[in-house]
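Me: Please take up the structure shown below with me, one question at a time.

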Amino acid sequence: MIPVEYYLLVAGVVFLIGSIGFLVRRNLLIQLMSVELLLNAVNLTLVAFNRARPDDHNGQIFAFFVIAVAAAEAAVGLAIGLAIYRLSRSVRSDEADLLRN
Amino acid sequence: MNVFSVAFFALAALATIVGALSTVLAVNPIRSAMGLLLSIGGITGLFLGLDAHFLAAIELIVYAGAVVILFVFVIMLIGPDATRPADSKAAFSRTAGAILLGLFGLVTGILLMRAGGGLHALPPPRPEYGTIDTFGHELYTKGLVPFELATALFIVAVVGAIAVARGRHKGEETPQAKEGES
């Protein structure tokens, strides 16, 4: 069987890639996709640790709710992105400064 | 059997990381979405390797079936403006990314040095571990209240998404909206 550390390593690498993408990219859509990567990495960690202690399914239940919240987050985030695009004709997150005085 | 599971894990991990990289590196958001799709496929494979059958199915249905499609819809709705390049003013963010990379390497190194005792092989699970039967039973006993709260969250999210994305009606347009329209 595959040791649990390998799964954690994959999750860590994906989390790193996602967080760097969220910080470096300025395209709102790609930043949202990076957030999805982050949530997926955390889900992988939860499921791997749950598999290491298979007495109950607490980790999997937690991952299930993370998926549900991530879906809601994607819907609302994309709606906000569309609204910003309508106002400023741009999806760059550093050009969204409507609240700046 | 063992060789098969190792090869399956390697393939899924490779797909996950390559997909994540192409999500972050692609200039065109459509390619980013396809990279996200590849990454989600890989994570589904990893879930299968961890005996989380139900979560693997949910991951495919919710992410590949709904979230990525939503992203592609929005990218196509926005059109060519979604591909404007030039992340020029990102010097600070790049530094932050480099620092993050260094921190990750540092933490991984420290953990590997301190861990000792080698790798922890996964124990063989009960035969019913991760099946829809047992998972559903635990979800509807231990997780019933958050499950019901999640439905409320979805209703709020859907109403909010519609209200935000639909914009303003005529008669209540802000000056900025008019400016954007013309």
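Me: How many of the 23 residues of α6(B) are buried?
Reply: In this predicted model local features need pLDDT of at least 70, side-chain atom pairs count only at pLDDT 80 or more, and totals for chains, interfaces and linings use all residues. Residues are numbered from 1 along each chain as its sequence is written, while chains are lettered from A and ligands numbered from 1 in the order in which they are written. A residue is buried if 20 or more other C-beta atoms, placed from the backbone, lie within 10 Å of its own, exposed if 12 or fewer do, and partly exposed in between. On that count α6(B) is hardly covered, and its number of buried residues is 1.

Me: Is B:Ile155 buried or exposed?
Reply: B:Ile155 lies in helix α6 of chain B. Its C-alpha atom is 31 Å from that of B:Asp81, 74 residues away along the chain. Because B:Ile155 has 10 C-beta neighbours inside 10 Å, it counts as exposed.

Me: Which residues does B:Ala161 contact, leaving aside its neighbours within four places in sequence?
Reply: B:Ala161 also belongs to helix α6 of chain B, and it is buried because 20 other C-beta atoms lie within 10 Å. Between B:Ala161 and B:Gly143, 18 residues apart in sequence, the C-alpha distance is 26 Å. With contact defined as C-beta atoms, placed from the backbone, within 7 Å, the partners of B:Ala161 are A:Ala75, A:Val76 and A:Ala79.

Me: How far apart are the end C-alpha atoms of α6(B)?
Reply: The expected span of a helix is 1.5 Å times one less than its number of residues. Just after α6(B), B:Gly167 takes a positive phi of about 80°. The 23 residues of α6(B) should span 33 Å, which agrees with the distance between its end C-alpha atoms, 33 Å.

Me: Which helix supplies the largest share of the side of chain B that touches chain A?
Reply: Helices (H or I, at least four residues) and strands (E, at least two) are DSSP runs, numbered from the N terminus. The contact between the chains takes 65 residues from chain A and 77 from chain B. On the side of chain B that touches chain A, at least two residues each come from α1, α2 (29-49), α3 (53-78), α4 (91-115), α5 (132-141), α6 (144-166) and α7 (175-181). The largest share, 12 residues, comes from α3(B).

Me: How many residues on the side of chain B that touches chain A are charged?
Reply: Ala, Val, Leu, Ile, Met, Phe, Trp, Tyr, Cys and Pro count as nonpolar, Asp, Glu, Lys and Arg as charged, and the others, Gly among them, as polar. By these classes, that side of chain B holds 51 nonpolar and 16 polar residues, and its number of charged residues is 10.

Me: Are α2(A) and α3(B) roughly parallel or antiparallel to each other?
Reply: Axes are lines fitted to C-alpha atoms, for helices over the stretch in contact, and angles run from 0 to 180 degrees between N-to-C directions; under 35 degrees counts as roughly parallel, over 145 as roughly antiparallel, 65 to 115 as roughly perpendicular and the rest as oblique. The axes of helix α2 (residues 28-52) of chain A and α3(B) come within 12 Å and cross at roughly 175°. The two helices are therefore roughly antiparallel.

Me: Which residues of α3(B) make the contact with α2(A)?
Reply: From α2(A) the contact draws A:Leu29, A:Met33, A:Glu36 and A:Val47. By class it has 8 nonpolar, no polar and 1 charged residues. The α3(B) side consists of B:Leu55, B:Val67, B:Phe71, B:Val74 and B:Ile75.

Me: How many charged residues has the contact of α1(A) with α1(B)?
Reply: The axes of helix α1 (residues 4-24) of chain A and helix α1 (residues 2-25) of chain B come within 9 Å and cross at roughly 10°, which means that they are roughly parallel. The contact divides into 12 nonpolar and 4 polar residues, and the charged ones number none: no charged.

Me: What is the radius of gyration of chain A?
Reply: Chain A has 3 helices and 0 strands. The radius of gyration is taken over C-alpha atoms, and the globule rule is 2.2 Å times the number of residues to the power 0.38. For 101 residues the rule gives 13 Å, and chain A is well over that, so it is more spread out than a compact globule, at 17 Å.

Me: What percentage of the residues in chain B is buried?
Reply: Chain B has 7 helices and 0 strands. In chain A, 56% of the 101 residues count as buried. For the 182 residues of chain B the figure is 24%.

Key
Two residues are in contact if their C-beta atoms, placed from the backbone, lie within 7 Å.
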